[in-house]
Structure formats: C-alpha cells, structure tokens
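Subject: Handover of a structure and the findings on it

Dear colleague,

I am passing on to you the structure shown below.

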Amino acid sequence: MFDRYETGEQAVLVHIYFSQDKDTEDLSEFESLVSSAGVEALQVVTGSRKAPHPKFFVGEGKAEEIADAVKASGASVVLFDHSLSPAQERNLERLCECRVIDRTGLILDIFAQRARTHEGKLQVELAQLRHIATRLVRGWTHLERQKGGIGLRGPGETQLETDRRLLRDRISLILKRLERVEKQREQGRRARTRADVPTVSLVGYTNAGKSTLFNRMTSAEVYAADQLFATLDPTLRRIDVVDVGDTVLADTVGFIRHLPHDLVAAFKATLQETRQASLLLHVIDAADTRLNENIEAVNTVLAEIESDEIPTLLVMNKIDMLDDFVPRIDRNDENLPIRVWLSAASGEGIPLLLQALTERLSGEIAHHELRLPPQAGRLRSRFYQIQAIEKEWIEEDGSIGVVVRMPIVEWRRLCKQEKELINFIV
C-alpha cells in the first residue's frame, strides 16, 4: 500500500533525553515495549538535546550515527521512543534506508497483535487509520500526480485525494460500528444500574498485575503475562461480595506514560466501563522503582477520560517481591480502607481486599425486624436466597417473625419489587 520499506523484526532503538523534560522516559520501559512487540533490539542509540531538531528530531550528527548503526547491525527498522512528525519520519527513512517508527506507531502495533474480539480489532483499526491519515502525504510519494490513461481521466482527482477519501469513508464506517457496540454496552450498564449491581473496574499502569488479580478473584482464565499490554479487550465477571451481593468486576486495558490520544479516543467504548464504575481498584506494582510516576501517569489518563472523581481504592500488588512484607489494609482518619497490600500471584492478602470491598461498597446496612403473614412465603424464600435472615421464630397467630440484615441497596431494591414489604416492619 505504501511506498515504504518493509518492517523487520530486528531494530535499532533511539532514546533521547531532553534537559527541560522532568518526566524523563525510562529506557528500560521502552525496551519492554519493543520486546512486547516481538522485535529484537540490536543496538540502542542515546543522546541529549535541548529541543527536537525540525528535520531529523535528533541532530544531523546523531542522525548519521543512527544510519551507520543500521548499516553495521543489519537492522531493518528504527524505533524512536518519541513522537515524530511525518516529515521527520520521512527524512530519517531516506537517510537510514529502512522503516522508521515512533512510539505511537509501536504501541499501535502491539495493540494490533493483542486484539482478539471484534470490538478490539475495530478500535485498533480506528486508531491506526487516524495515525496513518497524517502520514499519507509522505507515504504516497508517487501519487501526487493525477491519474492518467484510458478510463482514469476523470474529475482530476489525484490518487492521494482518492485515498484520503477512502480513508475518511473507512473511519466513518468503523465509528458507526463502534457506536452500535457502545449502545450494546450502555444497555448492559443500564440493566446493572436498574438492578443496583455495583461495578468495580480494575485500572492501573500496564503490567501492574491487573489480569492476575482478576483471575485470582473470579477464577477466570484471562490471558495474563509479564509483558506490556497483555490485556486489550475488556472482560467482565460477577463476584459475590459479603454484605453487597452480586458485583461486576471489569478488567481493562493498562495505561502508560504518553498514551497516544488516538488510542484514548478509539477505546472510548471500552473506557466507559471505567467511567461508569462504582469503585476503581487502582492496581499498583509496589516493587516498581517508578511507582509514584506510574500512579501519576494513570491519574492523568483517568482525568482525561473524566474518571478522576470516582471513588478509588489503591491495591499495592506484588508484595511477594518485597522483603519481609505482610498483607495489610491502610485506613484514613474515618477508618475507611484506602490502600490494600497484597500479592495477586501468591494470593496473599486477597481476603483483605474482599473485606475492603465490603466496607467501601456496602455503605449503610439495613437491619429490620419483620412479621411475615403465612401468605408471604415467597418473600421469606427471597430472604433466604440472599442470605439475609439472622433470626427466625413463629408467632402465636401463625405469622413468622424474622430479623433481616442486608446492604441498604439490596433493601431498597426489595422494597421497590415487594410493595407490601414496608407494612411488615415491626
């Protein structure tokens, strides 16, 4: 499709430090991204600049160094840990005589490999098309002339204009399909809201252990691996939380520093699970040296998708990688759980997390003494189904006395469904 060099699986990596950039990109994270894409790093070129060079992003001398490294190592692609303009990519490709991909393109490639569901594939394609759209001008170097020849002389539309139009049509089609997916998800969310079923969404930096924790809590078999962006497609499962009842747990895509805006926009339907959650479980790799920076990166994306106001419980994962650390719950001044220390891999601390979920989700507990007439046997059966009866006895008139205890949301739901219930309170 493009007049470009073929992508290979052996690469030269380029990482530039900028003096004014306080949040300096971690080179090891970039290498993990490259590894996750299935690419072998042959050589790493680093350097420092005050500002990006308009032509090559790096200086001309460093650009020559990169070109020499490509020839010496036999690499077939150059990967930049930065966002490049279309012109910078094209200039570097001419100099290095191989494909040049920036950080956004690399993340898009990983997402394309990980997408499994129809929705996930549509979202990735949308992000890729939006990324490609800015690069058509220099991607089709031979297409700026008008079409010619028999059957091709028409309105004077150039091949470049044709492809821009086809691209716009494809993006429009994908947006319509994703809109249908979003409506289906919205119907599911409305049904859960009507049934007062709370949703707990797992969020966090990529490779923090969200899917491992999800599998541990739900006995699901979601793909989990020690690599960046192992999870792409959202997965929902029901779990039973004491004093709360049925709760939906959602496993979502991980975040990363400088997550491309195209991806955030493309994954709008997926991220709605986060935006509509009752509680966020912010999973953090407690053994990561860049723990605070990772938390800040996640908070930045949460603010971008308007989820920063949702109540959050921090989950400090991977304590098995810390020395002599035991699971515990940290509380605020109001004795409310704000942080749980655990290991999703070993299972240590999972009971504490469930206890914290109960405290954060249950809110008020309804505690009532009721007198049920003999004809209210179906209602009594409901109480037993939700395990709400604490005590039961038979009155002289044949009615049944019960003491019930349940979450306030469960009680309100029952009052809506069983209008006469309010008359049975002693």
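**The central sheet**

Thr199 stands opposite Val248 in β7. Before I go further, please note that this is a predicted model, in which local features need pLDDT of at least 70 and side-chain atom pairs count only at pLDDT 80 or more, whereas totals for chains, interfaces and linings use all residues. Residues are numbered from 1 along each chain as its sequence is written, and side-chain values use heavy atoms, with hydrogens and water left out.

Thr199 belongs to strand β5, where six of six residues are buried (buried means under 20% relative accessible area, exposed over 50%, and partly exposed in between, with a 1.4 Å probe and protein chains only). Helices (H or I, at least four residues) and strands (E, at least two) are DSSP runs, numbered from the N terminus. Cover is found on both faces of β5: Thr199, Ser201 and Val203 are buried on one side, and Val200, Leu202 and Gly204 on the other.

Which strands pair with β5? Strand β7 pairs with β5 in the parallel sense over four bridges, and β8 runs parallel to β5 with five bridges joining them; two strands pair if DSSP finds at least two bridges between them. Val200 has Leu279 of β8 as its bridge partner.

These strands belong to an open sheet of seven, in the order β6-β7-β5-β8-β9-β11-β10, with mixed pairing. At its edges are β6 and β10, each of which pairs on one side only. From one strand to the next, the twist averages 25°; axes are lines fitted to C-alpha atoms, for helices over the stretch in contact, and angles run from 0 to 180 degrees between N-to-C directions. Strands β6 and β7 run antiparallel and are joined by seven bridges, with Leu236 opposite Ala250 in β7.

Two helices may be described together with the sheet. Helix α8 packs on the sheet and touches β5, β6, β7, β8 and β9, its direction making about 155° with that of β7. Helix α11 (residues 291-304) also packs on the sheet, touching β5, β8 and β9, and its direction makes about 150° with that of β8. Contact means heavy atoms within 4.5 Å.

**Helix α8**

Why is α8 described as largely enclosed by the rest of the structure? Seven of the nine residues of this helix (residues 210-218) are buried, so the rest of the structure largely encloses it. The buried residues are Lys210, Ser211, Leu213, Phe214, Asn215, Met217 and Thr218. Their packing partners are β5 (199-204), β6 (235-241), β7 (245-251), β8 (279-285), β9 (312-317) and α12 (350-362). After α8 comes Ser219, whose phi is positive, near 60°.

**Aromatic pairs**

Rings of Phe, Tyr and Trp (its six-membered ring) pair if their centres lie within 6.5 Å; planes under 30 degrees apart count as stacked, over 60 as edge-to-face and the rest as tilted. By this rule there are two aromatic pairs. Phe57 and Phe80 form an edge-to-face pair, at 6.1 Å centre to centre and 85° between the planes. Phe57 lies in the loop between β2 (40-49) and α2 (60-73), and Phe80 in strand β3 (residues 77-80), so the pair ties together parts that are 23 residues apart in sequence. Phe57 counts as buried at 5% relative accessibility, as does Phe80 at 1%.

The rings of Phe325 and Trp341 have their centres 4.8 Å apart and their planes at 40°, so this pair is tilted. Phe325 lies in the loop between β9 and β10 (328-331) and Trp341 in strand β11 (residues 337-341), so parts 16 residues apart in sequence are tied together. Phe325 is partly exposed at 25% relative accessibility, while Trp341 is buried at 12%.

**Cysteines and the protein as a whole**

How many disulfides does a search of the whole structure find? The search finds zero, where a disulfide is a pair of cysteine sulfur atoms within 2.5 Å. For Cys98, the closest cysteine sulfur is that of Cys96, 5.2 Å away and too far for a bond. Cys98 is buried, at 3% relative accessibility, and Cys415 is partly exposed, at 23%.

The protein has 14 helices and 14 strands, and 49% of its 426 residues count as buried.

With kind regards
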